[in-house]
Structure formats: structure tokens, C-alpha cells
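Hello,

Here is the structure I promised to pass on. Please have a look, then read my notes below.

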Amino acid sequence: MRHRDTKSFFRAEARGRSAPDAGESQRVCEQVTEWLGARKPTPTLVWIAMSGELDLSPVVEALPQIEWLTTRTPSSGPLTVHPHHSRSEPHRFGFRQPVAASPQISPEDIGVVLAPGLVFDRRGGRLGWGKGYYDRLLAQLTPGVPRVGVTLERLLVDRVPQESHDILMTHLITERGVRKLGSVG
């Protein structure tokens, strides 16, 4: 495999691209809000943005009828899921996360996942930061749950390297709209 076909190559390329500007973030949030607002409210997993990531907090504010969930990275083991509005503390990467004592939600109770990524491909492949936390969480979802990659058009590529444990997105949402990729939702 050539170096430019590796996950580390794609991650390095994505990290070198500029962070979303305010206009891009607003347009992505509008698309996510429109798509979710047209659906029956269901418990929805959303990430809390790190510096340089798309910030979906305007979507959370715009759709208070949704039961918002988010993850916590424990000191060991897989991500845990908690109510988004739980008391929070700083994560080691600088964003906020629910405190360890906040109520825990089973991944089986998630109705929609809004997934972050450094880069996505047009068929739903996703590269995160390289620790596999989200892929392990996605594998625990009830079959049929929409897995929505939220990104910018400029962070879409033709194909990212896949491994057997990688979970494909069923939808992609960018500033240009929603693409349904799978047979779900």
C-alpha cells in the first residue's frame, strides 16, 4: 500500500486544511436542523466540538424537542453516552464532556447519530482521530439507526481506507445538503 493510501495520510491531509469558517458552520447547522426538524424527534447523539471542528450547538438550541445525547471518554474502556445537558468537565483535548457521575444511556437507546470526522468519503467511510472510539460505539447501535456524517464539502474525498471494523455512515450532511447513502431513514 502506498503511503497516500493510508489512514495516517488522510488524517494528516485533513488536519492541514483550515477549520470551518462561521459561514460554513452556519450553513451546515442549517442543513442539520432542517433534516432533523423534518423527522420525528428521537434521542440524537451529537458531539461537543473541539477547536477546529464543526460546532453543532446551534442545532441543539434550535431543536429543544429532541433528547440530545453526547459521549464521555472514560479513562479506560469505550465511550459512554450521557444526556447532552449533563454537568460537564474539561476533556484532556479541551472540549467539555459529561462528568463521570452523569446518568448513562445505553447505545441501544440512540435513535440518530451525528458523527464527527476528520474526513469522509462519498460512500460513507469516515476517518476520525484514530482511536476507534466512535467505530466501537457505532457497532453497538440498534440496526437501522441513521449514522450521519456531518462535514464540509471540502472534506469529502472519493475513498478513504477501510478496515473490517469501520462502520459506514448512512447519510452525509454538508453545507450543500443531505445525501442518503444507505437503506436507512
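This is a predicted model: local features need pLDDT of at least 70, side-chain atom pairs count only at pLDDT 80 or more; totals for chains, interfaces and linings use all residues.

**Around Ile 173**

Ile 173 sits in strand S11, residues 171-174. Its relative accessible area is 0%, so Ile 173 counts as buried. Trp 35 lies 138 residues away along the chain, yet the C-alpha atoms of Trp 35 and Ile 173 are separated by 8.8 Å.

**The strands**

Which residue is the bridge partner of Val 150 in S11? It is Ile 173. S9 and S11 pair in the parallel sense, over 3 bridges. Strand S6 (residues 112-115) also pairs with S9 in the parallel sense, again over 3 bridges. There, Ala 115 stands opposite Gly 149 of S9.

Strand S9 covers residues 147-150. Both of its faces are covered. Arg 147 and Gly 149 are buried on one side, Val 148 and Val 150 on the other.

**The core**

The largest nonpolar core has 39 residues. Val 150 is among those with the most contacts inside it, along with Leu 36, Leu 56, Trp 68 and Leu 114. Elements that each supply at least two core residues include S6, S9, S11 and helix H2 (22-37). H2 gives the largest share, 5 residues.

Beyond four places in sequence, Val 150 touches residues including Val 28, Val 32, Leu 56, Leu 114, Phe 120 and Ile 173.

Best wishes

How values were computed
Residues are numbered from 1 along each chain as its sequence is written. Side-chain values use heavy atoms; hydrogens and water are left out. Helices (H or I, at least four residues) and strands (E, at least two) are DSSP runs, numbered from the N terminus. Buried means under 20% relative accessible area, exposed over 50%, partly exposed in between (1.4 Å probe, protein chains only). Two strands pair if DSSP finds at least two bridges between them. A nonpolar core is a set of buried Ala, Val, Leu, Ile, Met, Phe, Trp, Tyr and Cys residues joined through side-chain atoms within 4.5 Å. Contact means heavy atoms within 4.5 Å.
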